[in-house]
Amino acid sequence: MLRNRLFRDRPVARQVLLLQVGTVLLLVVVGILLASYDARRDARSRATQQAVAVAQTIADAPTVRTALRSPDPTATLQPLTEEVRRDTDTDFIVVMQLDGTRYTHPDPGQIGRTFVGDLGTAPAGEVFTQEYTGTLGPSVRSVVPVEDGGEVVALVSVGITVSDINRGLRRDVGVVVLCGGLVLLVGMTGAWLLSRRLHRLTHGMGERELARMYEYYSAVLHSVREGLLLLDGDGRVQLVNDEARRLLDLPDDVVGRPVEELGLAPGLVAAARGRTAESDDLYLAGERILVVSSAPAQWDGRDVGAVVTLRDHTELRSVTGELEVVRRLTESLRSQNHESANRLHTVVSLIEMGRAQDAVDFATEELHVAQLLTDRVVSAVDDPVVAALLLGKSSEAAEQGVELRIEGELPADASFPPRDLVTVLGNLVDNALDAVADHEPRVVLVRLSGDAHRLQVDVEDSGPGLDDDAAARVLDRGWTTKAEPGTGRGLGLALVVQAARRNDGDVAIGRSDLGGARFSVVLRDKEPAGRGTAP
(Lines give C-alpha, C1' and ligand atoms only; values in the text may rest on other atoms or scores of the structure.)
Protein backbone atom coordinates (compact mmCIF):
# COMPACT_ATOMS: atom_id res chain seq x y z
CA MET A 1 0.00 0.00 0.00
CA LEU A 2 2.81 2.38 0.98
CA ARG A 3 4.74 1.42 -2.16
CA ASN A 4 1.67 2.14 -4.28
CA ARG A 5 1.24 5.56 -2.70
CA LEU A 6 4.93 6.39 -3.13
CA PHE A 7 4.72 5.38 -6.78
CA ARG A 8 1.63 7.56 -7.37
CA ASP A 9 3.34 10.51 -5.68
CA ARG A 10 6.20 10.40 -8.14
CA PRO A 11 6.05 12.75 -11.14
CA VAL A 12 4.08 11.32 -14.03
CA ALA A 13 7.11 11.68 -16.29
CA ARG A 14 9.18 9.46 -13.98
CA GLN A 15 6.41 6.88 -13.76
CA VAL A 16 6.17 6.77 -17.54
CA LEU A 17 9.97 6.50 -17.80
CA LEU A 18 10.07 3.54 -15.40
CA LEU A 19 7.19 1.88 -17.21
CA GLN A 20 8.82 2.36 -20.60
CA VAL A 21 12.22 1.17 -19.36
CA GLY A 22 10.63 -1.94 -17.86
CA THR A 23 8.64 -2.59 -21.03
CA VAL A 24 11.63 -2.12 -23.33
CA LEU A 25 13.85 -4.28 -21.10
CA LEU A 26 11.24 -7.04 -20.98
CA LEU A 27 10.75 -6.96 -24.74
CA VAL A 28 14.48 -7.05 -25.40
CA VAL A 29 15.09 -9.93 -22.97
CA VAL A 30 12.16 -11.93 -24.36
CA GLY A 31 13.35 -11.15 -27.89
CA ILE A 32 16.88 -12.34 -27.10
CA LEU A 33 15.57 -15.56 -25.54
CA LEU A 34 13.29 -16.29 -28.48
CA ALA A 35 16.03 -15.44 -30.97
CA SER A 36 18.48 -17.68 -29.07
CA TYR A 37 16.00 -20.54 -29.05
CA ASP A 38 15.35 -20.07 -32.75
CA ALA A 39 19.08 -19.87 -33.49
CA ARG A 40 19.69 -23.09 -31.53
CA ARG A 41 16.95 -24.89 -33.39
CA ASP A 42 18.18 -23.59 -36.72
CA ALA A 43 21.75 -24.59 -35.88
CA ARG A 44 20.68 -28.20 -35.09
CA SER A 45 18.55 -28.28 -38.23
CA ARG A 46 21.37 -26.94 -40.42
CA ALA A 47 23.82 -29.44 -38.89
CA THR A 48 21.42 -32.34 -39.58
CA GLN A 49 20.85 -31.18 -43.17
CA GLN A 50 24.60 -30.83 -43.69
CA ALA A 51 25.27 -34.29 -42.31
CA VAL A 52 22.61 -35.84 -44.55
CA ALA A 53 23.90 -33.98 -47.63
CA VAL A 54 27.54 -35.02 -47.06
CA ALA A 55 26.54 -38.63 -46.32
CA GLN A 56 24.41 -38.85 -49.48
CA THR A 57 27.21 -37.36 -51.56
CA ILE A 58 29.67 -39.99 -50.35
CA ALA A 59 27.11 -42.81 -50.69
CA ASP A 60 26.47 -41.83 -54.30
CA ALA A 61 30.17 -41.55 -55.21
CA PRO A 62 31.31 -44.30 -57.70
CA THR A 63 34.69 -44.38 -55.95
CA VAL A 64 33.00 -45.58 -52.77
CA ARG A 65 31.13 -48.39 -54.50
CA THR A 66 34.32 -49.47 -56.31
CA ALA A 67 36.28 -49.45 -53.05
CA LEU A 68 33.63 -51.55 -51.35
CA ARG A 69 34.15 -54.28 -53.99
CA SER A 70 37.93 -54.36 -53.35
CA PRO A 71 39.55 -56.66 -50.82
CA ASP A 72 40.65 -53.69 -48.63
CA PRO A 73 38.03 -50.90 -48.77
CA THR A 74 39.71 -48.99 -45.94
CA ALA A 75 42.79 -48.26 -47.98
CA THR A 76 40.77 -46.24 -50.46
CA LEU A 77 37.96 -44.94 -48.28
CA GLN A 78 39.94 -43.65 -45.26
CA PRO A 79 41.93 -40.97 -47.16
CA LEU A 80 38.85 -40.01 -49.14
CA THR A 81 36.54 -39.59 -46.15
CA GLU A 82 39.13 -37.63 -44.17
CA GLU A 83 39.64 -35.23 -47.03
CA VAL A 84 35.89 -34.75 -47.39
CA ARG A 85 35.51 -34.33 -43.60
CA ARG A 86 38.04 -31.53 -43.54
CA ASP A 87 36.54 -29.84 -46.59
CA THR A 88 32.95 -30.00 -45.26
CA ASP A 89 33.86 -29.05 -41.68
CA THR A 90 32.21 -32.13 -40.22
CA ASP A 91 33.54 -34.08 -37.25
CA PHE A 92 33.39 -37.64 -38.50
CA ILE A 93 32.59 -39.66 -41.60
CA VAL A 94 32.24 -43.38 -41.06
CA VAL A 95 31.74 -45.93 -43.84
CA MET A 96 30.66 -49.28 -42.37
CA GLN A 97 29.30 -52.65 -43.22
CA LEU A 98 25.66 -53.46 -42.69
CA ASP A 99 26.48 -54.92 -39.29
CA GLY A 100 28.16 -51.70 -38.21
CA THR A 101 31.80 -52.70 -38.66
CA ARG A 102 33.74 -49.54 -39.52
CA TYR A 103 35.81 -49.13 -42.67
CA THR A 104 36.73 -45.54 -41.81
CA HIS A 105 36.95 -43.28 -38.75
CA PRO A 106 38.77 -40.05 -37.80
CA ASP A 107 40.52 -42.13 -35.13
CA PRO A 108 42.26 -44.96 -37.01
CA GLY A 109 42.15 -47.02 -33.83
CA GLN A 110 38.39 -47.28 -34.16
CA ILE A 111 38.54 -48.84 -37.63
CA GLY A 112 37.29 -52.43 -37.60
CA ARG A 113 35.24 -51.84 -34.48
CA THR A 114 31.49 -51.69 -34.30
CA PHE A 115 29.76 -48.37 -34.94
CA VAL A 116 28.38 -46.79 -31.76
CA GLY A 117 24.82 -45.69 -32.25
CA ASP A 118 21.58 -46.69 -33.90
CA LEU A 119 21.40 -47.55 -37.56
CA GLY A 120 17.66 -47.07 -37.61
CA THR A 121 16.04 -47.70 -40.99
CA ALA A 122 19.22 -47.10 -42.98
CA PRO A 123 19.85 -50.87 -43.65
CA ALA A 124 16.39 -50.92 -45.21
CA GLY A 125 17.40 -48.21 -47.69
CA GLU A 126 16.16 -45.09 -45.84
CA VAL A 127 17.93 -42.04 -44.45
CA PHE A 128 18.15 -42.04 -40.66
CA THR A 129 19.10 -39.10 -38.40
CA GLN A 130 19.60 -38.84 -34.64
CA GLU A 131 21.49 -37.11 -31.85
CA TYR A 132 23.66 -39.61 -30.05
CA THR A 133 26.72 -39.75 -27.82
CA GLY A 134 29.45 -41.69 -29.52
CA THR A 135 33.22 -41.97 -29.25
CA LEU A 136 33.64 -38.25 -30.03
CA GLY A 137 30.94 -37.14 -27.62
CA PRO A 138 27.35 -35.99 -28.28
CA SER A 139 26.74 -35.38 -31.96
CA VAL A 140 24.09 -34.85 -34.57
CA ARG A 141 24.48 -37.63 -37.12
CA SER A 142 22.90 -39.14 -40.18
CA VAL A 143 23.10 -42.68 -41.54
CA VAL A 144 22.63 -43.13 -45.31
CA PRO A 145 22.61 -46.44 -47.25
CA VAL A 146 25.12 -47.15 -50.05
CA GLU A 147 23.38 -49.03 -52.85
CA ASP A 148 25.03 -51.07 -55.59
CA GLY A 149 22.91 -52.82 -58.14
CA GLY A 150 19.75 -51.97 -56.28
CA GLU A 151 20.97 -53.53 -53.02
CA VAL A 152 22.23 -51.91 -49.84
CA VAL A 153 25.86 -52.93 -49.56
CA ALA A 154 27.15 -50.52 -46.90
CA LEU A 155 26.25 -47.52 -44.74
CA VAL A 156 27.70 -44.02 -44.45
CA SER A 157 27.35 -42.02 -41.23
CA VAL A 158 28.29 -38.34 -41.03
CA GLY A 159 28.19 -36.45 -37.74
CA ILE A 160 28.80 -33.00 -36.30
CA THR A 161 29.51 -32.77 -32.58
CA VAL A 162 27.21 -30.72 -30.38
CA SER A 163 30.22 -28.75 -29.10
CA ASP A 164 30.93 -27.50 -32.63
CA ILE A 165 27.27 -26.63 -33.10
CA ASN A 166 27.30 -24.71 -29.81
CA ARG A 167 30.39 -22.76 -30.86
CA GLY A 168 28.55 -21.53 -33.93
CA LEU A 169 25.45 -20.95 -31.85
CA ARG A 170 27.39 -18.77 -29.42
CA ARG A 171 28.51 -16.60 -32.30
CA ASP A 172 24.93 -16.27 -33.54
CA VAL A 173 23.62 -15.56 -30.06
CA GLY A 174 26.35 -12.97 -29.56
CA VAL A 175 25.12 -11.14 -32.62
CA VAL A 176 21.55 -11.38 -31.31
CA VAL A 177 22.60 -10.05 -27.91
CA LEU A 178 24.52 -7.21 -29.54
CA CYS A 179 21.50 -6.25 -31.63
CA GLY A 180 19.30 -6.55 -28.54
CA GLY A 181 21.67 -4.24 -26.66
CA LEU A 182 21.48 -1.68 -29.45
CA VAL A 183 17.69 -1.90 -29.46
CA LEU A 184 17.69 -1.53 -25.68
CA LEU A 185 19.95 1.51 -25.92
CA VAL A 186 17.76 3.14 -28.56
CA GLY A 187 14.63 2.32 -26.55
CA MET A 188 16.11 3.74 -23.35
CA THR A 189 17.20 6.90 -25.15
CA GLY A 190 13.75 7.36 -26.66
CA ALA A 191 12.09 6.73 -23.30
CA TRP A 192 14.38 9.27 -21.63
CA LEU A 193 13.69 11.92 -24.28
CA LEU A 194 9.95 11.28 -24.05
CA SER A 195 10.16 11.46 -20.27
CA ARG A 196 11.94 14.82 -20.46
CA ARG A 197 9.26 16.22 -22.75
CA LEU A 198 6.48 14.83 -20.57
CA HIS A 199 8.18 16.27 -17.48
CA ARG A 200 8.27 19.67 -19.16
CA LEU A 201 4.63 19.47 -20.26
CA THR A 202 3.35 18.31 -16.86
CA HIS A 203 5.69 20.65 -14.95
CA GLY A 204 7.00 17.75 -12.91
CA MET A 205 3.67 17.05 -11.23
CA GLY A 206 2.49 13.66 -10.05
CA GLU A 207 -0.74 11.95 -10.99
CA ARG A 208 -2.44 13.05 -7.74
CA GLU A 209 -1.49 16.66 -8.37
CA LEU A 210 -2.68 16.52 -11.97
CA ALA A 211 -5.97 14.88 -10.99
CA ARG A 212 -6.53 17.35 -8.16
CA MET A 213 -5.66 20.31 -10.40
CA TYR A 214 -8.05 19.12 -13.11
CA GLU A 215 -10.87 18.55 -10.61
CA TYR A 216 -10.43 21.98 -9.05
CA TYR A 217 -10.01 23.62 -12.43
CA SER A 218 -13.17 21.99 -13.76
CA ALA A 219 -15.13 22.92 -10.65
CA VAL A 220 -13.97 26.55 -10.75
CA LEU A 221 -14.36 26.91 -14.49
CA HIS A 222 -17.98 25.82 -14.49
CA SER A 223 -19.08 27.35 -11.18
CA VAL A 224 -17.89 30.96 -11.45
CA ARG A 225 -20.50 33.50 -12.48
CA GLU A 226 -18.10 35.25 -14.82
CA GLY A 227 -17.51 34.05 -18.34
CA LEU A 228 -13.99 32.77 -18.98
CA LEU A 229 -12.41 32.52 -22.41
CA LEU A 230 -8.84 31.25 -22.84
CA LEU A 231 -7.02 31.73 -26.13
CA ASP A 232 -3.71 30.31 -27.27
CA GLY A 233 -0.93 32.26 -28.96
CA ASP A 234 -2.63 31.92 -32.36
CA GLY A 235 -5.92 33.33 -31.12
CA ARG A 236 -7.70 29.97 -31.07
CA VAL A 237 -10.16 29.18 -28.29
CA GLN A 238 -8.76 26.52 -25.98
CA LEU A 239 -11.03 26.75 -22.95
CA VAL A 240 -14.47 28.25 -22.44
CA ASN A 241 -16.90 27.89 -19.56
CA ASP A 242 -20.68 27.67 -19.58
CA GLU A 243 -21.22 31.34 -18.72
CA ALA A 244 -19.03 32.51 -21.61
CA ARG A 245 -20.95 30.25 -23.99
CA ARG A 246 -24.20 31.82 -22.78
CA LEU A 247 -23.02 35.43 -22.86
CA LEU A 248 -21.41 35.19 -26.30
CA ASP A 249 -23.89 32.65 -27.72
CA LEU A 250 -20.99 30.41 -28.77
CA PRO A 251 -21.48 27.18 -30.75
CA ASP A 252 -20.70 23.75 -29.31
CA ASP A 253 -17.60 23.34 -31.50
CA VAL A 254 -16.01 26.60 -30.39
CA VAL A 255 -12.87 24.98 -28.95
CA GLY A 256 -10.04 25.13 -31.47
CA ARG A 257 -11.64 27.81 -33.65
CA PRO A 258 -10.06 31.26 -34.17
CA VAL A 259 -11.77 33.99 -32.18
CA GLU A 260 -12.18 36.01 -35.39
CA GLU A 261 -14.60 33.37 -36.72
CA LEU A 262 -17.04 33.59 -33.80
CA GLY A 263 -18.96 36.64 -35.05
CA LEU A 264 -17.93 38.85 -32.14
CA ALA A 265 -17.59 42.63 -32.22
CA PRO A 266 -14.34 43.87 -33.79
CA GLY A 267 -13.54 45.76 -30.59
CA LEU A 268 -14.11 42.64 -28.49
CA VAL A 269 -11.90 40.57 -30.80
CA ALA A 270 -9.19 43.24 -30.64
CA ALA A 271 -9.36 43.23 -26.84
CA ALA A 272 -9.09 39.44 -26.72
CA ARG A 273 -6.10 39.41 -29.08
CA GLY A 274 -4.43 42.41 -27.42
CA ARG A 275 -0.96 42.10 -25.94
CA THR A 276 -1.67 44.48 -23.08
CA ALA A 277 -3.98 44.05 -20.12
CA GLU A 278 -7.39 45.73 -20.41
CA SER A 279 -9.86 45.95 -17.54
CA ASP A 280 -13.59 46.62 -17.33
CA ASP A 281 -14.20 47.79 -20.89
CA LEU A 282 -17.78 47.79 -22.13
CA TYR A 283 -18.83 45.96 -25.29
CA LEU A 284 -22.09 44.89 -26.83
CA ALA A 285 -22.54 41.23 -27.74
CA GLY A 286 -25.89 40.49 -29.32
CA GLU A 287 -28.42 41.98 -26.92
CA ARG A 288 -26.08 41.97 -23.94
CA ILE A 289 -23.75 44.64 -22.61
CA LEU A 290 -20.59 43.00 -21.31
CA VAL A 291 -17.83 44.24 -19.07
CA VAL A 292 -14.70 42.68 -20.55
CA SER A 293 -11.28 42.31 -18.99
CA SER A 294 -8.39 40.71 -20.84
CA ALA A 295 -4.79 39.99 -19.98
CA PRO A 296 -1.93 38.14 -21.70
CA ALA A 297 -1.21 34.70 -20.21
CA GLN A 298 2.44 33.94 -19.58
CA TRP A 299 4.42 30.94 -18.39
CA ASP A 300 8.12 31.01 -17.66
CA GLY A 301 8.40 34.43 -19.25
CA ARG A 302 6.80 33.48 -22.58
CA ASP A 303 3.36 34.36 -23.92
CA VAL A 304 1.02 31.39 -24.16
CA GLY A 305 -2.17 33.25 -25.08
CA ALA A 306 -4.72 35.44 -23.37
CA VAL A 307 -7.37 35.20 -20.64
CA VAL A 308 -10.65 37.03 -21.18
CA THR A 309 -13.27 37.48 -18.44
CA LEU A 310 -16.84 38.54 -19.20
CA ARG A 311 -19.56 39.96 -16.94
CA ASP A 312 -23.14 40.68 -17.93
CA HIS A 313 -24.02 44.33 -17.21
CA THR A 314 -27.06 44.56 -19.45
CA GLU A 315 -29.57 45.39 -16.72
CA LEU A 316 -27.13 47.58 -14.83
CA ARG A 317 -26.27 49.61 -17.92
CA SER A 318 -29.94 49.96 -18.81
CA VAL A 319 -30.67 51.35 -15.36
CA THR A 320 -27.57 53.53 -15.59
CA GLY A 321 -28.82 54.86 -18.91
CA GLU A 322 -32.15 55.74 -17.37
CA LEU A 323 -30.35 57.44 -14.47
CA GLU A 324 -28.29 59.40 -16.99
CA VAL A 325 -31.52 60.61 -18.60
CA VAL A 326 -32.84 61.62 -15.19
CA ARG A 327 -29.55 63.37 -14.43
CA ARG A 328 -29.75 65.33 -17.65
CA LEU A 329 -33.36 66.22 -16.94
CA THR A 330 -32.29 67.39 -13.50
CA GLU A 331 -29.57 69.52 -15.01
CA SER A 332 -32.09 70.98 -17.44
CA LEU A 333 -34.46 71.77 -14.59
CA ARG A 334 -31.61 73.35 -12.64
CA SER A 335 -30.72 75.43 -15.66
CA GLN A 336 -34.37 76.44 -16.07
CA ASN A 337 -34.59 77.25 -12.36
CA HIS A 338 -31.52 79.44 -12.64
CA GLU A 339 -32.93 81.18 -15.72
CA SER A 340 -36.34 81.62 -14.04
CA ALA A 341 -34.63 83.19 -11.02
CA ASN A 342 -32.87 85.67 -13.32
CA ARG A 343 -36.15 86.55 -15.00
CA LEU A 344 -37.89 86.90 -11.65
CA HIS A 345 -35.18 89.30 -10.45
CA THR A 346 -35.64 91.27 -13.65
CA VAL A 347 -39.40 91.55 -13.09
CA VAL A 348 -38.89 92.63 -9.45
CA SER A 349 -36.30 95.22 -10.49
CA LEU A 350 -38.66 96.64 -13.13
CA ILE A 351 -41.44 96.96 -10.53
CA GLU A 352 -39.08 98.62 -8.07
CA MET A 353 -38.18 101.07 -10.82
CA GLY A 354 -41.86 101.93 -11.22
CA ARG A 355 -42.06 100.36 -14.65
CA ALA A 356 -44.84 97.90 -13.89
CA GLN A 357 -46.09 97.69 -17.46
CA ASP A 358 -42.64 96.76 -18.72
CA ALA A 359 -42.49 94.09 -16.02
CA VAL A 360 -45.87 92.71 -17.10
CA ASP A 361 -44.85 92.71 -20.78
CA PHE A 362 -41.54 90.95 -20.02
CA ALA A 363 -43.12 88.29 -17.82
CA THR A 364 -45.94 87.72 -20.31
CA GLU A 365 -43.51 87.31 -23.22
CA GLU A 366 -41.35 84.77 -21.32
CA LEU A 367 -44.38 82.80 -20.22
CA HIS A 368 -45.68 82.83 -23.76
CA VAL A 369 -42.40 81.47 -25.15
CA ALA A 370 -42.18 78.75 -22.47
CA GLN A 371 -45.81 77.82 -22.94
CA LEU A 372 -45.39 77.61 -26.73
CA LEU A 373 -42.48 75.17 -26.28
CA THR A 374 -44.42 73.11 -23.74
CA ASP A 375 -47.53 73.08 -25.88
CA ARG A 376 -45.53 72.06 -28.91
CA VAL A 377 -43.90 69.12 -27.14
CA VAL A 378 -47.03 67.99 -25.28
CA SER A 379 -49.09 68.17 -28.46
CA ALA A 380 -46.57 65.92 -30.18
CA VAL A 381 -46.04 63.49 -27.32
CA ASP A 382 -48.71 62.32 -24.87
CA ASP A 383 -46.32 60.16 -22.84
CA PRO A 384 -45.18 62.28 -19.87
CA VAL A 385 -41.77 60.61 -19.61
CA VAL A 386 -40.94 61.14 -23.28
CA ALA A 387 -42.39 64.67 -23.16
CA ALA A 388 -40.22 65.49 -20.15
CA LEU A 389 -37.20 64.12 -21.98
CA LEU A 390 -37.82 66.27 -25.06
CA LEU A 391 -38.48 69.36 -22.92
CA GLY A 392 -35.21 68.74 -21.14
CA LYS A 393 -33.38 68.24 -24.42
CA SER A 394 -34.95 71.46 -25.73
CA SER A 395 -33.62 73.37 -22.76
CA GLU A 396 -30.23 71.72 -23.10
CA ALA A 397 -30.14 72.58 -26.79
CA ALA A 398 -31.10 76.17 -26.05
CA GLU A 399 -28.25 76.43 -23.55
CA GLN A 400 -25.80 75.20 -26.20
CA GLY A 401 -27.18 77.52 -28.83
CA VAL A 402 -28.67 74.67 -30.85
CA GLU A 403 -32.05 74.89 -32.54
CA LEU A 404 -33.98 71.72 -31.66
CA ARG A 405 -36.99 71.18 -33.92
CA ILE A 406 -39.69 68.63 -33.15
CA GLU A 407 -42.00 67.56 -35.95
CA GLY A 408 -44.81 65.04 -36.17
CA GLU A 409 -46.32 63.36 -33.17
CA LEU A 410 -46.22 60.20 -31.14
CA PRO A 411 -49.47 58.29 -31.84
CA ALA A 412 -51.80 58.57 -28.87
CA ASP A 413 -52.64 54.85 -28.93
CA ALA A 414 -49.03 53.72 -29.32
CA SER A 415 -48.02 51.19 -26.67
CA PHE A 416 -44.26 51.09 -27.01
CA PRO A 417 -42.29 50.88 -23.72
CA PRO A 418 -41.35 54.40 -22.53
CA ARG A 419 -38.03 53.02 -21.43
CA ASP A 420 -37.12 52.08 -25.01
CA LEU A 421 -38.40 55.40 -26.36
CA VAL A 422 -36.25 57.26 -23.86
CA THR A 423 -33.23 55.15 -24.87
CA VAL A 424 -33.78 55.82 -28.58
CA LEU A 425 -34.59 59.54 -28.37
CA GLY A 426 -32.11 60.32 -25.60
CA ASN A 427 -29.10 58.73 -27.27
CA LEU A 428 -29.90 59.95 -30.79
CA VAL A 429 -30.50 63.53 -29.65
CA ASP A 430 -27.34 63.48 -27.51
CA ASN A 431 -25.30 62.29 -30.47
CA ALA A 432 -26.87 64.95 -32.69
CA LEU A 433 -26.10 67.69 -30.15
CA ASP A 434 -22.50 66.51 -29.99
CA ALA A 435 -22.31 66.45 -33.80
CA VAL A 436 -23.33 70.12 -34.19
CA ALA A 437 -21.38 71.41 -31.19
CA ASP A 438 -18.53 72.74 -33.34
CA HIS A 439 -20.42 73.27 -36.57
CA GLU A 440 -22.60 76.07 -37.93
CA PRO A 441 -25.53 76.22 -38.30
CA ARG A 442 -26.52 74.25 -35.23
CA VAL A 443 -29.80 72.54 -36.03
CA VAL A 444 -31.20 69.22 -34.77
CA LEU A 445 -34.47 67.85 -36.11
CA VAL A 446 -36.58 65.21 -34.36
CA ARG A 447 -39.40 63.75 -36.47
CA LEU A 448 -42.01 61.32 -35.12
CA SER A 449 -44.36 59.41 -37.39
CA GLY A 450 -46.30 56.16 -37.58
CA ASP A 451 -49.35 54.55 -36.01
CA ALA A 452 -50.26 52.44 -33.03
CA HIS A 453 -48.30 49.44 -34.31
CA ARG A 454 -45.39 51.09 -36.06
CA LEU A 455 -43.37 54.07 -34.91
CA GLN A 456 -40.57 55.75 -36.84
CA VAL A 457 -38.16 58.12 -35.14
CA ASP A 458 -35.88 60.24 -37.37
CA VAL A 459 -33.15 62.38 -35.84
CA GLU A 460 -31.21 64.62 -38.21
CA ASP A 461 -28.47 67.16 -37.62
CA SER A 462 -26.58 69.84 -39.52
CA GLY A 463 -23.19 68.55 -38.43
CA PRO A 464 -20.36 67.25 -40.62
CA GLY A 465 -22.11 63.93 -41.21
CA LEU A 466 -20.46 60.52 -41.52
CA ASP A 467 -18.07 59.38 -44.23
CA ASP A 468 -18.58 56.02 -45.93
CA ASP A 469 -16.28 54.14 -43.54
CA ALA A 470 -17.89 55.64 -40.45
CA ALA A 471 -21.39 55.01 -41.81
CA ALA A 472 -20.48 51.36 -42.39
CA ARG A 473 -19.09 50.92 -38.87
CA VAL A 474 -21.13 53.26 -36.73
CA LEU A 475 -23.50 50.51 -35.60
CA ASP A 476 -20.68 48.10 -34.79
CA ARG A 477 -20.66 47.01 -31.19
CA GLY A 478 -18.32 49.27 -29.22
CA TRP A 479 -17.51 51.63 -32.13
CA THR A 480 -17.43 55.38 -31.53
CA THR A 481 -16.23 58.58 -33.19
CA LYS A 482 -15.59 60.20 -29.81
CA ALA A 483 -12.81 57.94 -28.59
CA GLU A 484 -10.79 54.94 -29.63
CA PRO A 485 -12.73 51.67 -29.78
CA GLY A 486 -12.31 49.57 -26.70
CA THR A 487 -12.54 52.42 -24.19
CA GLY A 488 -16.05 51.64 -23.03
CA ARG A 489 -17.64 54.37 -25.16
CA GLY A 490 -19.63 53.99 -28.35
CA LEU A 491 -22.49 52.21 -26.60
CA GLY A 492 -25.20 54.84 -27.22
CA LEU A 493 -26.04 53.65 -30.70
CA ALA A 494 -25.56 50.07 -29.60
CA LEU A 495 -28.25 50.62 -26.95
CA VAL A 496 -30.47 52.14 -29.62
CA VAL A 497 -29.97 49.01 -31.74
CA GLN A 498 -30.84 46.88 -28.71
CA ALA A 499 -34.04 48.81 -28.11
CA ALA A 500 -34.99 48.47 -31.78
CA ARG A 501 -34.41 44.73 -31.71
CA ARG A 502 -36.50 44.35 -28.58
CA ASN A 503 -39.37 45.96 -30.47
CA ASP A 504 -38.89 43.97 -33.67
CA GLY A 505 -37.43 47.02 -35.39
CA ASP A 506 -34.29 48.20 -37.11
CA VAL A 507 -31.94 51.16 -37.49
CA ALA A 508 -30.95 52.88 -40.74
CA ILE A 509 -28.35 55.58 -41.45
CA GLY A 510 -28.47 58.14 -44.23
CA ARG A 511 -27.65 61.68 -45.25
CA SER A 512 -29.79 64.49 -43.89
CA ASP A 513 -31.14 67.41 -45.91
CA LEU A 514 -29.63 69.57 -43.17
CA GLY A 515 -26.19 68.46 -44.32
CA GLY A 516 -25.33 66.04 -41.53
CA ALA A 517 -26.39 62.51 -40.61
CA ARG A 518 -29.87 61.05 -40.36
CA PHE A 519 -30.67 58.14 -38.07
CA SER A 520 -33.99 56.39 -38.63
CA VAL A 521 -35.30 53.96 -36.03
CA VAL A 522 -38.40 51.86 -36.65
CA LEU A 523 -40.19 50.18 -33.77
CA ARG A 524 -42.92 47.60 -34.36
CA ASP A 525 -45.55 46.26 -32.00
CA LYS A 526 -44.89 42.54 -31.49
CA GLU A 527 -48.54 41.85 -30.51
CA PRO A 528 -50.69 44.24 -32.55
CA ALA A 529 -53.86 42.20 -32.32
CA GLY A 530 -55.98 42.08 -29.22
CA ARG A 531 -53.58 44.01 -26.95
CA GLY A 532 -55.31 45.03 -23.79
CA THR A 533 -58.62 43.32 -24.57
CA ALA A 534 -60.24 40.93 -22.20
CA PRO A 535 -60.58 37.36 -23.33
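How do the axes of helix α11 (residues 384–399) and α12 cross, and within what distance do they come? In this predicted model, the two axes come within 10 Å and cross at roughly 10°. An angle under 35 degrees counts as roughly parallel, so α11 and α12 are roughly parallel to each other. On the α11 side, the contact is made by Val385, Val386, Leu389, Leu390, Lys393, Glu396 and Ala397. These residues meet Leu421, Val422, Leu425, Gly426, Val429, Asp430 and Leu433 of α12. By class, the residues of this contact divide into 10 nonpolar, one polar and three charged.

Helix α12 (residues 418–435) also packs with helix α14 (residues 492–502). Here the axes come within 9 Å and cross at roughly 150°. The threshold for roughly antiparallel is over 145 degrees, so α12 is roughly antiparallel to α14. The crossing of α12 and α14 is left-handed. Helix α12 contributes Asp420, Thr423, Val424, Asn427, Leu428 and Asn431 to the contact. Helix α14 contributes Gly492, Leu493, Leu495, Val496, Ala499 and Arg502. The residues of the contact of α12 with α14 comprise six nonpolar, four polar and two charged.

The chain as a whole was then considered. It has 14 helices and 14 strands. Of its 535 residues, 39% are buried. Contacts between residues at least 6 apart in sequence were also examined. Among these, 55% join residues at least 24 apart.

Charged pairs were examined next. Side chains of opposite charge can pair when their charged atoms come close. The count comes to 12 salt bridges, with a cut-off of 4 Å between the side-chain nitrogen and the carboxyl oxygen. One of them joins Asp148 and Arg69, whose closest N and O atoms are 3.0 Å apart. Asp148 lies in strand β3 (residues 137–148) and Arg69 in helix α3 (residues 62–69). The pair therefore ties together parts that are 79 residues apart in sequence. Asp148 is partly exposed, with a relative accessible area of 23%. Arg69 has 55% relative accessibility and counts as exposed, because the limit for that class is over 50%.

A salt bridge also links the side chains of Asp253 and Arg257, with an N to O distance of 3.3 Å. Asp253 is partly exposed at a relative accessible area of 48%. Arg257 is likewise partly exposed, with a value of 24%.

Glu403 and Arg405 form a further salt bridge, in which the closest N and O atoms are 3.0 Å apart. Relative accessibility is 40% for Glu403, which counts as partly exposed. Arg405 is partly exposed too, with a relative accessible area of 32%. Elsewhere, salt bridges that share partners join Glu407, Arg447 and Glu460 into one network.

Key:
Residues numbered from 1 in each chain as written. Predicted model: local features only at pLDDT ≥ 70, side-chain atom pairs only at ≥ 80, totals over all residues. Heavy atoms only, no water. Axes fitted to C-alpha atoms, helices over the stretch in contact; angles between N-to-C directions. Helix = DSSP H or I, 4+ residues; strand = E, 2+ residues; numbered from the N terminus. Parallel < 35°, antiparallel > 145°, perpendicular 65-115°, else oblique. Left-handed = near helix turned anticlockwise from the far one by under 90°. Contact = heavy atoms within 4.5 Å. Nonpolar A, V, L, I, M, F, W, Y, C, P; charged D, E, K, R; others polar. Buried < 20%, exposed > 50% of the residue type's maximum accessible area, 1.4 Å probe, protein only.
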